[in-house]
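We'll walk through it piece by piece.

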Amino acid sequence: MIHERIEKLLLSTVSAVMIISSVTWPVSVRATETANNKITNFSLQASSEYNTNRIDKAKDGDKNTFWESNWADSNNSRPSEEKPIVVTATFTEPTKVGVMRIVPRQGNDSNKGDQNGRIKKAKYTMLNNNDEVIKEETKVYFTGEQVPTDENIDVEINATVKKVKIEILSAYSTTATMAELEFYKESDSWYSNVEATTAHNDHAIAKAFDNNPDTFWHSNWANGAKVNAEHPADVTITRKNTTPMH
Ligand SMILES: [Ca+2]
């Protein structure tokens, strides 16, 4: 993946010659926003829905519409450890998934309740075709009186799954909301840092990771004999865990 991407960028520059001698796997590069990286063969179910903000609003491709649990039902509104609000994604067949992305309800207008229902704590369970648990994890994103942001929550799955269950254990206010639930084959969220042992002028390695096809990393060729000393070029990618953590 990274070889293809970097080489594609370099081919357009003609003059560059480079060898990647070490890469920390697994990695992928800025692929989450591309349509062919997105997985769409799943349906969603929710344990609670409010009025017209039903679970299909979390899979309509529109960040400005959202699913909302039924806050008008006092027995089934505020998500808690005892009574989680559950969203389940069921794939049409076992599907290899890299990352799940929860897009929170958007906006920053507290008068409109934009932050209501954003996830503070959730348990994720990945299941195979026999409904057996492949892995599960619980994540705390916000605690106490913290107001959750509308920053995406990326959950690393990296497995072949039939179902993914999201148990929302805590959310802001008395409801649970989600603007979009997305799945990707791979994610750019797995690295926190990239470094290269060589770069020419301002063509730093970051230029290969900026999601802009018009900029590129370029190893140093303009320094006479030094060019050989700077090859092979090492590119190191440091992985990170899921986001966000506050
Ligand atoms: Ca939506």
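What share of the 246 residues in the chain is buried? The answer is 33%. Bear in mind as you look around that this is a predicted model. Its mean pLDDT is 80, and 73% of the residues reach 70 or more.

Let's get the layout first. The chain has two helices and eleven strands. As for how the chain comes together, take the contacts with a separation of 6 or more: 72% of them join residues 24 or more positions apart.

Now for the inside. In soluble globular proteins, nonpolar side chains tend to be buried together. Here the largest nonpolar core has 34 residues, and those with the most contacts inside it are M100, I119, I157, V161, V164, I168 and M178. Strands β2 (42-46), β4 (85-103), β5 (119-127), β7 (153-171) and β9 (180-184) each give two or more residues to this core. The largest share comes from β7, with nine residues. For a closer look, pick I168: setting aside neighbours within four places in sequence, I168 touches P79, P84, I85, I119, A122 and A176. There's also another core, lying apart from the largest one; this one has seven residues, among them A208, F209, V235 and I237.

E137 sits in strand β6 (residues 133-140).

Two loop residues have a backbone worth checking. In the loop between β2 and β3 (67-68) you'll find N51, whose phi is near 45°, a positive value in a residue other than glycine. D131, in the loop between β5 and β6, also has a positive phi, near 65°, and isn't glycine either. N51 counts as exposed because it has 9 other C-beta atoms within 10 Å, and D131 is exposed too, with 8 C-beta neighbours inside 10 Å.

Finally, the ends. Over residues 1-33 pLDDT stays under 50, and the model has 57 contacts beyond four places in sequence for them. Residues 242-246 also stay under 50, with 15 such contacts. Where pLDDT is low, the predicted coordinates should not be read in detail.

Notes:
Residues are numbered from 1 along each chain as its sequence is written. Helices (H or I, at least four residues) and strands (E, at least two) are DSSP runs, numbered from the N terminus. A residue is buried if 20 or more other C-beta atoms lie within 10 Å of its own, exposed if 12 or fewer, and partly exposed in between; C-beta atoms are placed from the backbone. Two residues are in contact if their C-beta atoms, placed from the backbone, lie within 7 Å. A nonpolar core is a set of buried Ala, Val, Leu, Ile, Met, Phe, Trp, Tyr and Cys residues joined through C-beta atoms within 7 Å. pLDDT is the predictor's confidence in each residue, from 0 to 100.
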